[in-house]
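Work through the following exercises with the sequence and the coordinates side by side. Each task sentence is followed by a solution that goes step by step.

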Amino acid sequence: MKRLWLVALILVPLGVVAQKKPSIDQLKKDLKKIEKKKDQAKDQLAEANKDIRDVRSEITKVDSRLEEADDIVEKTGEQLARAQVRQGELGRSLAEAQAQLAAKQSEVRRRLRAMYMRGQETTLSVLLGLANSGDIASRQFILDRIAKRDRKLFEEYIVAKYRIEADKREQDALVANIASMVQTQKSKQDELEKARADKIALMDSLKDRREDIERIVKEFDDDSQKIEDQLNERMRAAQKSGKSSPPVGDGRFGPPASGGSTSRFGMRFHPILKYNRMHNGIDFGGGYGAPVYATADGVVISTSRLGGYGNAIIIEHGRGLSSVYGHLSRIMVSSGATVRRGQRIGSIGSSGLSTGPHLHFEIRQNGRPVNPSSYL
Ligand SMILES: [Zn+2]
């Protein structure tokens with residue numbers, strides 16, 4: 001499947017962290033580069049997830065094929081068992097008939113020899129030869145000439161002979177039938193084994209792909225963390241140099257969007273990554289383009305694309321508190337601007353790692369995400 005891009009993505013160094021003292025412009029440029037890569041990866045993740053779903057459905061199909069093959073093997077086994085019982089029965093009746101035939105044959109020989117000794121016209125060899133042939137007229141000729149007592153014995157001999165031949169044919173057919181069933185069973189088992197091997201291979205490939213995705217996601221997280229660290233460092237430097245000081249608002253926080261919240265803070269099943277992951281904020285619905293408001297008075301410290309957050313705004317509110325607004329379609333404030341609680345700062349969108357338009361909203365205390373519900 002499409003694995004080359006994964007390798008390519010992983011191997012490309014992002015470079016942003018290696019710089020010791022990047023300028024704000026350089027930092028922003030690097031951020032943009034990273035975000036572009038992440039957007040690509042977002043598409044590729046969606047693609048990979050589709051592949052995973054396809055593989056899962058393939059596995060489901062293989063499972064049902066395995067069940068069918070199991071059924072067939074079971075049924076063939078039952079047929080084989082029944083055929084073997086019948087074969088045993090036929091074998092016994094054949095042995096019995098052969099014993100009867102041998103007895104009758106020696107009796108016929110004895111009687112015919114006696115006839116011959118009494119001077120009958122036909123020779124013993126001719127008689128025995130005619131008895132073995134299917135020529136009814138010839139047989140009638142013999143029967144006309146032998147005694148009534150001998151005739152019955154001779155007839156029994158013929159009947160026994162035909163019966164044994166019929167039994168032998170039936171047994172031969174049965175054996176051939178069983179051989180063919182055994183062959184069928186064997187090919188079903190081969191099919192079963194191949195299906196199992198296919199399933200295992202699919203599982204392995206699924207596992208590899210998941211590992212690839214997890215590696216990429218970890219890289220995203222690491223990048224976001226590094227970007228965040230750099231932004232924090234920049235802020236601290238700015239504070240030290242006295243260029244700006246974080247404002248202290250009235251301590252009140254308001255809703256960042258008018259729509260209701262759609263996803264809470266805490267562990268949740270990630271809709272794109274398809275596994276349980278910490279959700280660092282609260283999501284708000286409201287539709288593409290709906291207004292996003294500053295949750296409290298503060299200073300905008302970052303307006304850029306930020307990891308899986310997409311277009312994001314970070315506002316500092318003083319006392320170690322800041323708020324983050326992610327997946328925006330539009331940013332209406334610039335870095336360094338002072339904002340008031342309830343002021344419109346942008347629009348809801350679906351940038352970054354997002355499945356549809358929503359606002360991802362975080363409150364951070366000393367850089368670490370806390371549950372925004374405690375503030376709203
Ligand atoms: Zn969110």
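## Overview of the chain

The protein chain has five helices and 13 strands, where helices (H or I, at least four residues) and strands (E, at least two) are DSSP runs numbered from the N terminus. This is a predicted model, in which local features need pLDDT of at least 70 and side-chain atom pairs count only at pLDDT 80 or more, whereas totals for chains, interfaces and linings use all residues. Residues are numbered from 1 along each chain as its sequence is written, and side-chain values use heavy atoms, with hydrogens and water left out.

## Exercise 1: Confidence and burial

Task: state what the mean pLDDT of the protein chain is, and which share of its residues is buried.

Solution. Begin with pLDDT, the predictor's confidence in each residue, from 0 to 100: its mean over the protein chain is 74, and 64% of the residues reach 70 or more. Over residues 1-19 the pLDDT is below 50, and in the model this stretch has 36 contacts beyond near neighbours in sequence, a contact meaning heavy atoms within 4.5 Å. Then turn to burial, where buried means under 20% relative accessible area, exposed over 50%, and partly exposed in between (1.4 Å probe, protein chains only). Of the 376 residues in the protein chain, 40% are buried.

## Exercise 2: The zinc site

Task: determine which residues coordinate the zinc ion and how these donor residues are spaced in sequence.

Solution. Donors are N, O and S atoms within 2.8 Å of the metal (3.2 Å for Na, K and Ca), and since water is not among the atoms, sites may look incomplete. By this rule the zinc ion is coordinated by His279 through NE2, Asp283 through OD and His360 through ND1, at 1.9 to 2.1 Å. The spacing of the donor residues in sequence reads H-x3-D-x76-H. Distant parts of the chain are linked by the pair of His279, in strand E3 (residues 276-279), and His360, in strand E12 (residues 359-365), which are 81 residues apart. Both of these histidines, His279 and His360, are buried.

## Exercise 3: Strands E7, E8 and E12

Task: work out how many bridges join strand E7 to E8, and how many pair E8 with E12.

Solution. Two strands pair if DSSP finds at least two bridges between them. Strand E7 (residues 311-318) is joined to E8 by six bridges and runs antiparallel to it; within this pairing, Ile313 has Tyr325 of E8 as its bridge partner. The hairpin of E7 and E8 has two residues between the strands, and there Arg319 takes a positive phi near 50 degrees. E8 also pairs with E12, again in the antiparallel sense and over six bridges, with Arg364 in E12 as the bridge partner of Ser322. Strand E8 (residues 321-328) is mostly covered, eight of its eight residues being buried.

## Exercise 4: Aromatic pairs

Solution. A pair of aromatic rings is described by the distance of the centres and the angle of the planes. Rings of Phe, Tyr and Trp (its six-membered ring) pair if their centres lie within 6.5 Å, and planes under 30 degrees apart count as stacked, over 60 as edge-to-face and the rest as tilted. Because Phe284 lies in strand E4 (residues 282-284) and Phe361 in strand E12, the pair ties together parts that are 77 residues apart in sequence. Phe284 and Phe361 are buried, and together with Tyr325 they form one aromatic cluster.

## Exercise 5: Salt bridges

Task: find how many salt bridges the count comes to, and where Arg340 and Asp297 lie.

Solution. A salt bridge is a side-chain nitrogen of Lys or Arg within 4 Å of a carboxyl oxygen of Asp or Glu, and by this rule the count comes to two. The side chains of Arg340 and Asp297 meet in a salt bridge at 3.4 Å, N to O. Arg340 lies in the loop between strand E10 (338-339) and E11, and Asp297 in the loop between E5 and strand E6 (298-305), so the pair ties together parts that are 43 residues apart in sequence. Glu362 forms a salt bridge with Arg364, the closest N and O atoms being 2.7 Å apart, and both Glu362 and Arg364 are buried.
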